[in-house]
Amino acid sequence: MTSRTVTLLDVARAAGVSKSTVSDALQGSGRVAEATRDRVRAVAEELGYRPNSAARRLRRASTGAVGLHLPATATRLDYYMNLAFGAVERAQEDGLDMVLLAPSGASGGRIASRVDGLLVIDPEAGDSAVPGLLDAGVPVVTGERYLGPAPGPSGAVVCDNAASLTALLDHVTGRGARRPALLAPSGSSAWATALRATARSWGLAHGVEVALRTVPFAATPAEAEETTRALLTADPAVDAVICAPDGSAPGVLRAAATLGREVGGSRKSGSGLLVAACVDGPATRTAAPPVTAVDLRPAAYGRACAELLCDILADRAAPDTVRRHAWSLETRASTGPA
């Protein structure tokens, strides 16, 4: 049997499932168990099945648009705005418009009639809108993995968030810090979960307790300032503060100034404090002093997410594709002289 003659029905019979299950499994949509999805794909590959893209377009008229779902707090964060611009730019290269979805989301059926695919960025396991988006019947690409119980996405673009925080902790301890602290984001996104877990595992591996304080996912500078002031007052031995939420690092600097802690200064005197951030942006680059931070390259990340969705829609990438996105550590005066 050649790829020209193999049909969905052939695959269904060989796999012992229905034709609709085969279609859902191969497109990464619907409620198909992971074991069944893997079996169907293995059978399809063994038989040499190739999807008929023309027939797929005829069965479902293209809308010429894809949807973008961002966290509810995204509209005031520089990171997500840059990510969105990158995604829009890349989608337009494939002739697709980008529709920004309301944070509350909408029913999967209504969304599926308006877009050809979806981008869901930093999906929270506790976000009630996400399961409906993942089960909307169109290809879905997530920016970071989804840790909730709903069906998995068609693809994902991920950063190694554990490695980026490890790099920050290694950096500040390499600059002399002995009692680092992390202002960790709350919530159930893969990013927030990875940072909290990494702080604990790094501390155990190095025999150094990382003072962990939880702040809102999109903590404001004022919230970071209040948390840092309380932390440094209660635990004066803390000599490095790593701030996770985008744009909140200036609050850490203000708390340090209020308490007379010299940022970037010598830890030998007991008054110096190193400050770093998990997300780079204008707030870290223009701070006084400029703050060491992880550059997640949000515009490039948005492009990468949109590119994977475009590739899946055009059959240039298989469902369940996971791509990696690179980050870099930008060292600045807040963690001492180079």
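How many helices and strands does the secondary structure of the chain come to? The count is 13 helices and 13 strands. This is a predicted model, so I will start with confidence and then go through a few elements.

The average pLDDT of the chain is 88, and 89% of the residues score at least 70. The exception I want to flag is the stretch at residues 53-59, where the pLDDT is below 50. Beyond near neighbours in sequence, that stretch has 4 contacts in the model. Where pLDDT is low, predicted coordinates should not be read in detail.

Taking contacts between residues at least 6 apart in sequence, 69% join residues at least 24 apart.

Helix H9 covers residues 190-206. Its 17 residues reach 24 Å from first C-alpha to last, close to the 24 Å expected at 1.5 Å a residue. The buried residues of H9 include Trp191, Leu195, Arg196 and Trp202. Those buried residues pack against helix H8 (161-174), S6 and S7. Just after H9 comes Gly207, with a positive phi of about 65 degrees.

Helix H10 covers residues 221-234. With 14 residues at 1.5 Å each, H10 should span 20 Å, and its end C-alpha atoms are 20 Å apart, so the two agree. Which residues of H10 are buried? They are Ala224, Glu225, Thr227, Thr228, Leu231 and Leu232. The cover over them includes strands S6 (180-185), S7 (211-215), S8 (240-243) and S10 (272-277), along with helix H11 (249-258).

Ser23 and Arg37 are 14 residues apart along the chain, and their C-alpha atoms are separated by 10.0 Å.

The structure holds 1 cavity of 30 Å³ or more. The largest cavity has about 140 Å³ of space. It is lined by 14 residues, and the closest to its centre are Tyr79, Tyr80, Asp122, Trp191 and Val279. Trp191 is also one of the buried residues of H9. By class, the lining of the largest cavity divides into 10 nonpolar, 1 polar and 3 charged residues.

Then the open space. The second largest pocket has a volume of about 230 Å³. Of its 17 lining residues, Glu34, Arg145, Gly152, Pro153 and Asp320 are the closest to the centre. Helix H3 (34-47), strand S5 (155-158) and strand S12 (321-324) each supply at least two residues of that lining. The lining has 8 nonpolar, 5 polar and 4 charged residues.

Asp320 needs a further word on its backbone. It has a positive phi of about 75 degrees, although it is not a glycine. Asp320 sits in the loop between H13 and S12. Its relative accessibility is 33%, so Asp320 counts as partly exposed. Asp315 is in the loop between helix H13 (298-313) and S12. Asp315 is not a glycine either, and has a positive phi of about 65 degrees. Asp315 is partly exposed, with a relative accessible area of 31%.

Last item, a peptide bond. Which geometry does the bond from Ala288 to Pro289 have, cis or trans? It is cis, with omega near 0 degrees. Pro289 lies in the loop between helix H12 (282-285) and strand S11 (292-295).

Methods. Residues numbered from 1 in each chain as written. Predicted model: local features only at pLDDT ≥ 70, side-chain atom pairs only at ≥ 80, totals over all residues. Heavy atoms only, no water. Helix = DSSP H or I, 4+ residues; strand = E, 2+ residues; numbered from the N terminus. Expected span 1.5 Å × (residues − 1). Buried < 20%, exposed > 50% of the residue type's maximum accessible area, 1.4 Å probe, protein only. Contact = heavy atoms within 4.5 Å. 1 Å grid on protein atoms, 1.4 Å probe; cavity = no way out; pocket = protein on both sides within 12 Å on 5 of 7 lines; lining within 4 Å. Points joined across faces, edges and corners; volume = space filled by probe spheres on them. Nonpolar A, V, L, I, M, F, W, Y, C, P; charged D, E, K, R; others polar. pLDDT = per-residue confidence, 0-100.
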